[in-house]
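Thanks for coming. I will go through one model today, starting with the terms and then moving along the chain.

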Amino acid sequence: MNRAEEIALINGDVASEHAAIVQYLSHAYAVGETALGYKLKEMAREEMWHMKWLSEGVVRLGGEPTLRRGEYAVDLTSNQSVFDSYVTFEQNVVTNFLDCLTSVGKLKDSAAGFVLEEAICLSLANSVVFNSSWDLDLG
């Protein structure tokens, strides 16, 4: 894999983080000052750190971090379908991060590699959170 392909691969992860930030914040502000709203804001902040760290990895490779927002398909049919969409998204992120980590050999022992490993763990944790029962009283 050449340098441009490595940068493109990591930038794909940057775009995914950007999509998650916007989705989680939009949902947080829709539900207001609730336990769910606070948790979604916390998760959005974690995604912001990941986006920052991955962007720094792109710069270290000589690239320019993308500001493009990735796709985040959400089924708005019901509260449950929204959470199911979040679980699917987080599981796909884990797969993409693992592909990135194994494809870009230089990342394995780098700060960007550490970020990917941490993001994998947090995405798995987010899947558990979204699978759990929340008080969905939207007021």
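A residue counts as buried under 20% relative accessible area, as exposed over 50%, and as partly exposed in between, with a 1.4 Å probe and protein chains only. By that rule Gly12, with a relative accessible area of 26%, is partly exposed.

Two remarks on where the values come from. This is a predicted model, in which local features need pLDDT of at least 70, side-chain atom pairs count only at pLDDT 80 or more, and totals for chains, interfaces and linings use all residues. Residues are numbered from 1 along each chain as its sequence is written, and side-chain values use heavy atoms, with hydrogens and water left out.

Now the overall layout. Helices (H or I, at least four residues) and strands (E, at least two) are DSSP runs, numbered from the N terminus. The protein chain has four helices and zero strands, so the order of elements from the N terminus on reads α-α-α-α. Of its 139 residues, 44% are buried. For contacts, the criterion is heavy atoms within 4.5 Å. Taking contacts between residues at least 6 apart in sequence, 71% join residues at least 24 apart.

Next, helices H1 and H2. The expected span of a helix is 1.5 Å times one less than its number of residues. H1 has 29 residues and reaches 42 Å from its first C-alpha to its last, close to the expected 42 Å. H2 has 26 residues and reaches 38 Å, again close to the expected value, 38 Å. After H1 comes Gly32, with a positive phi near 75 degrees. After H2 comes Gly62, where phi is also positive, near 90 degrees.

How do H1 and H2 pack, and at what angle? The angle is about 160 degrees and the axes are 8 Å apart. Here axes are lines fitted to C-alpha atoms, for helices over the stretch in contact, and angles run from 0 to 180 degrees between N-to-C directions. Angles under 35 degrees count as roughly parallel, over 145 as roughly antiparallel, 65 to 115 as roughly perpendicular and the rest as oblique. H1 and H2 are therefore roughly antiparallel to each other. H1 passes H2 in a left-handed crossing, meaning that the near helix is turned anticlockwise from the far one by less than a right angle; clockwise would be right-handed.

Some residues of H1, then. Ile7 is in helix H1 and is buried, at 12% relative accessible area. Leaving out residues up to four places away in sequence, Ile7 touches Val58, Leu61, Gly62 and Gly63. Ile7 and Thr66 are 59 residues apart in sequence, yet 9.8 Å apart in space, C-alpha to C-alpha. Gly12 also has its place in helix H1; its C-alpha atom is separated by 9.9 Å from that of Leu54, 42 residues away along the chain. Ser16 lies in helix H1, residues 3–31, and counts as buried at 14% relative accessibility. Beyond its neighbours within four places in sequence, Ser16 is in contact with Gly70 and Phe89.

Arg69 is found in the loop between helix H2 (35–60) and helix H3 (79–103). Not counting residues up to four places away in sequence, Arg69 touches Ala15, His18, Ala19 and Val22. The C-alpha atoms of Arg69 and Ile21, 48 residues apart along the chain, are separated by 9.5 Å.

Last, the aromatic rings. Rings of Phe, Tyr and Trp (its six-membered ring) pair if their centres lie within 6.5 Å; planes under 30 degrees apart count as stacked, over 60 as edge-to-face and the rest as tilted. The count by this rule is three aromatic pairs. One of them is Trp49 with Trp53, a tilted pair at 5.5 Å centre to centre and 35 degrees between the planes. Being four residues apart in helix H2, Trp49 and Trp53 are separated by about one helical turn. Trp49 is partly exposed at 48%, and Trp53 is partly exposed at 25%.

Phe83 and Tyr86 form an edge-to-face pair, 6.0 Å centre to centre with 85 degrees between the planes. Both lie in helix H3, three residues apart, about one turn of the helix. Phe83 is buried at 4% relative accessibility, and Tyr86 is buried at 0%. With Tyr24, Phe83 and Tyr86 form one aromatic cluster.
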